[in-house]
Amino acid sequence: MGGRILRGGAFKPRTSPYSFQGLGHEGLEILRTVADEYGLYVVTEALGVEQLPLVAEYSDIIQIGSRNMQHYPLLWAAGETGKPVLLKRGFMSTIDEWLKAAEHIISRGNERIILCERGIRTFETATRNTLDVNAIAFVKQTTPFPVLADPSHGTGRADLVVAGARAAVAAGADGLLVEFHHNPEEALSDAEQALPLSSLPRFRSEIEAIAQAMKRGLA
Ligand code: PEP
Ligand code: MN
């Protein structure tokens with residue numbers, strides 16, 4: 001379906017310590033094995049500095065999650081790996097704080113940064129987060145970095161993910177980070193926002209129409 005990168009959480013930052021915390025090292029092995037089988041890159045999150053060597057060994061891109069966007073020692077350590085870094089925007093962070101976080105990575109000699117808008121906390125409660133489409137257009141215009149949008153966390157609702165994805169592409173996003181599951185009801189994390197894998201072809205065609213209108217293709 002044109003996906004280039006497999007993203008999954010092996011070390012998961014869960015709000016509740018009683019929720020599924022990820023499979024850790026075993027999860028990294030699964031991600032790497034499956035990605036290699038299908039010719040995909042792996043992006044996965046490092047929660048702490050101590051995990052970086054292991055995460056870097058198994059992944060092609062290191063994810064810094066929203067909760068860790070201002071964890072400066074982690075940003076420095078990710079910069080030092082020399083690997084591309086997917087820097088998710090803090091859900092309570094301004095665009096300026098986000099870009100300063102990117103500069104912390106750059107301060108260690110690594111400019112291979114991918115920005116990811118994943119929604120911010122607002123007064124709205126109907127959706128989990130508010131996908132900040134302004135921010136996508138803003139960072140596309142003012143930074144040299146590729147920009148991804150995450151309409152899964154940005155909306156938190158499976159029935160809104162396509163709309164969020166379309167808006168992101170229309171605002172200039174270079175790519176999308178979308179959560180799929182073979183059976184969303186059974187997903188151990190963020191089940192409410194996961195799309196069934198069977199909907200991937202339709203998802204792709206719905207996004208492709210917007211990408212073409214924007215004179216951009218899909219991978
Ligand atoms: C995730 O990517 O699954 C994740 C935990 O996202 P965020 O850091 O944006 O909450
Ligand atoms: Mn998640």
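Analyst: Let's start with Asp-132, which is buried, with a relative accessible area of 13%. Buried means under 20% relative accessible area, exposed means over 50%, and partly exposed is in between, using a 1.4 Å probe and protein chains only.

Before we go on, keep in mind that this is a predicted model: local features need pLDDT of at least 70, side-chain atom pairs count only at pLDDT 80 or more, and totals for chains, interfaces and linings use all residues. Residues are numbered from 1 along each chain as its sequence is written, chains are lettered from A and ligands numbered from 1 in the order in which they are written, and side-chain values use heavy atoms, leaving out hydrogens and water.

Back to Asp-132: you'll find it in the loop between β5 (113-117) and α5 (133-142). Those labels are DSSP runs, numbered from the N terminus: helices are H or I with at least four residues, strands are E with at least two. The side chain of Asp-132 makes a polar contact of 2.8 Å with the side chain of Arg-89. A polar contact is a pair of N or O atoms within 3.5 Å; within protein, one must be able to donate a hydrogen and the other to accept it, and residues adjacent in sequence count only if both atoms are side-chain atoms.

Now for ligand 1. Among the residues around it are Arg-7, Ser-66, Lys-88 and His-153, where "around" means having a heavy atom within 4 Å. An oxygen atom of ligand 1 is 2.5 Å from an N or O atom in the Arg-7 side chain. For the Lys-88 side chain, the distance from a ligand 1 oxygen to an N or O atom is 2.8 Å.

Finally, have a look at Gly-9, in the loop between β1 (5-7) and α1 (25-38). At 30% relative accessibility, Gly-9 is partly exposed. Gly-9 and Gly-27 are 18 residues apart in sequence, while their C-alpha atoms are 7.6 Å apart in space.
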